[in-house]
Amino acid sequence: LAAVWGAPIRHSASPAMHNAALAALDLDWRYLACEVAPEELAVALEGARVMGFCGVNLTVPHKRLALGMMDDLDVSAEAWGAVNTVVFEAENAEGVWTPIGLLRSFPGPVRLRGYNTDADAILRSLREDLHMEPRGARVLLLGAGGAGRAAALRLADEGVETLWLQNRTESKAAELAAEIAERFPAVDVRTGLPDSDVEFILNATSSGLKPEDPLPLDIQAYPLSHADAVYDMIYRPAETPLLRAAQAAGCRTANGLGMLLYQGAAAFELWTQRPAPIEVMRAALIHEVYGTGESQ
């Protein structure tokens, strides 16, 4: 078993993507979606360890919370400050820690190893879906939670010119800005709204998941026409109010389907040690989200 956990989780398209991939590779696995409240995350992880889960994906609001619950952190989780993929490992006959999905038995202890597959996925999706090159760009990032933090640090590492961080809790944006300034001194990092045009706006908040959600950006204070492109990490609904407003303002737009695909493919390969069937996963996602054979 593998799963995705979050709160809320009903919107997740990850089971469709992963179960299609597992079927394509004829693996006797099943991927589930489970609603897990943040205060129950540690108990859920311990339960999954005992039940022999092979892996877990974590989404809102667990990515930062999980950092302190892992037995071991991959360099990706350490670098980008969030965990979105957990691999359950045990020692093989040679004493090497191995994903338990590859082992027939594991009499010894099981450890939880945390990875971040989000950060590289967002860069790949930005390049493929928006034809946007982050290096040298001016970027407005909305949200400083787990996904936003990973994106901000990865964009800084990639060499954006200026990065504005806008977050509902200003202190979280200021804390992240200070870390970026220390780790990536060449990046001009600021909090609040830009005082100039930007190449793209990236929404890493959950505002837009529900129909009644407000826009994650005050477009009176910063009109969307000041951006060339807008990327929303939300993929369901496929067209959020932010993306509709951005299209009306003349921006190029993309939702988070590409990011979901590539972070999921990386997680799949960590758990199974098999190449992910990317096109099978992509087709399953498109059918699940759009109900058609092609993205809209």
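**View 1. Six strands form an open sheet with parallel pairing, in the order E10-E9-E8-E11-E12-E13.** The edge strands are E10 (188-191) and E13, each of which pairs on one side only. On average, neighbouring strands of this sheet are turned by 15 degrees against each other, direction ignored. Helices (H or I, at least four residues) and strands (E, at least two) are DSSP runs, numbered from the N terminus, and two strands pair if DSSP finds at least two bridges between them. This is a predicted model, in which local features need pLDDT of at least 70 and side-chain atom pairs count only at pLDDT 80 or more, while totals for chains, interfaces and linings use all residues. Residues are numbered from 1 along each chain as its sequence is written, and side-chain values use heavy atoms, with hydrogens and water left out.

**View 2. Here we look at strand E12 (residues 227-232).** Because 5 of its 6 residues are buried, E12 is largely enclosed by the rest of the structure; buried means under 20% relative accessible area, exposed over 50%, and partly exposed in between (1.4 Å probe, protein chains only). With strand E11 (residues 198-203), E12 pairs in the parallel sense over 5 bridges. Along this pairing you can find Val198 opposite Ala227, and Ile201 with Val230 as its bridge partner. Strand E13 (residues 252-254) also pairs with E12 in the parallel sense, over 3 bridges, and there Ala229 has Arg252 as its bridge partner.

**View 3. A right-handed β-α-β unit is made by E12, helix H7 (residues 241-248) and E13.** Right-handed is used for a crossover if, with the strands pointing away from the viewer, the path from the first strand over the helix to the second runs clockwise. In the loop between E12 and H7 sits Pro237.

View 4. Contact means heavy atoms within 4.5 Å. Axes are lines fitted to C-alpha atoms, for helices over the stretch in contact, and angles run from 0 to 180 degrees between N-to-C directions.

**View 5. Helix H4 (residues 118-129) packs against helix H5 (residues 146-158) at an angle of about 65 degrees, with their axes 9 Å apart.** That makes H4 roughly perpendicular to H5; angles under 35 degrees count as roughly parallel, over 145 as roughly antiparallel, 65 to 115 as roughly perpendicular and the rest as oblique. Ala119, Asp120, Leu123, Leu126 and Arg127 in H4 meet Ala150, Arg154, Leu155 and Glu158 in H5.

View 6. Most residues other than glycine have a negative phi, and most peptide bonds are trans. His131, in the loop between H4 and strand E8 (138-142), has a positive phi near 50 degrees. At 66% relative accessibility, His131 counts as exposed. Gln273, in the loop between helix H8 (257-272) and helix H9 (278-290), has a positive phi near 55 degrees. The peptide bond from Val60 to Pro61 is cis, with omega near 5 degrees, and Pro61 belongs to the loop between strand E3 (55-58) and strand E4 (72-73).
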